[in-house]
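The overall figures come last.

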Amino acid sequence: FLPQVDSANAGRVLASDAAVFLKKSGLTDLVLGKIWDLADTDGKGILNKQEFFVALRLVACAQNGLDVSLSSLNLPVPPPRFTDTSSPLLLSGTASSDLQWAVKLEDKVKYDAIFDSLNPVNGLLSGDKVKPVLLNSKLPVDILGRVWELSDIDRDGMLDRDEFAVAMFLVYCALEKEPVPMSLPAALVPPSKRKPLSVPGAMPLISSSTSTKESHQSLPPVGILAAKTPLTQ
């Protein structure tokens, strides 16, 4: 993590650089402020390498529902998650099928309501129906084009409910002046679209067994099956 916020390789991290980076954890400013206060032990607004690692550890504690306190530092927690970056480093070796989806539940409810209001056909929205919603954001057309490319995960020219949530998430990130990534980070891929990381050749086996049910859209069920049954392959 350190090289990404310490580009000058000085062995320290400025508050401004750390704030941008830590915000990608999805935690509230209040929690991040508390994390910074605990990590910046001398109150200088700069973290050395050790203090930066303390901050990362506290982010992981907060993401896993533990108290943000120095006493939590010794508890076993998974590595911290940073959502809006495509760097494989930030996934900390977590299997993509186990990674928490970056779209929060309360936001998903809002996005679903917008999705339903656009009269989807067979659970899908065409580009013509999504376009006015994207344009309504007043974002540059090239950014919106990238949002569409990233959210149409199965490349069928339509967005299902989960893909639409990804599009809305990216639009709101862009409106908050967050850069839209060039490729979709693993944490943003909907759980229904995630491919198994296990045995090569397992995909055709599963898709053939599900093809009778949903032949027009076999990818999502394949992802779900594979994520739930890694031991049977």
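Leaving aside its neighbours within four places in sequence, which residues is Ser126 in contact with? They are Trp148, Gly157 and Met158, where contact means heavy atoms within 4.5 Å. The model is predicted: local features need pLDDT of at least 70, side-chain atom pairs count only at pLDDT 80 or more, and totals for chains, interfaces and linings use all residues. Residues are numbered from 1 along each chain as its sequence is written, and side-chain values use heavy atoms, with hydrogens and water left out.

Ser126 lies in strand β3 (residues 125-126); strands (E, at least two residues) and helices (H or I, at least four) are DSSP runs numbered from the N terminus. Ser126 counts as partly exposed because its relative accessibility is 25%; buried means under 20% relative accessible area, exposed over 50%, and partly exposed in between (1.4 Å probe, protein chains only).

| Helix | Residues in the contact |
|---|---|
| α7 | Ile143, Leu144, Val147, Leu150 and Ser151 |
| α8 | Glu163, Val166, Ala167, Leu170, Val171 and Ala174 |

In total, the protein has 10 helices and 4 strands. Of its 233 residues, 42% count as buried. Among contacts between residues at least 6 apart in sequence, 58% join residues at least 24 apart.
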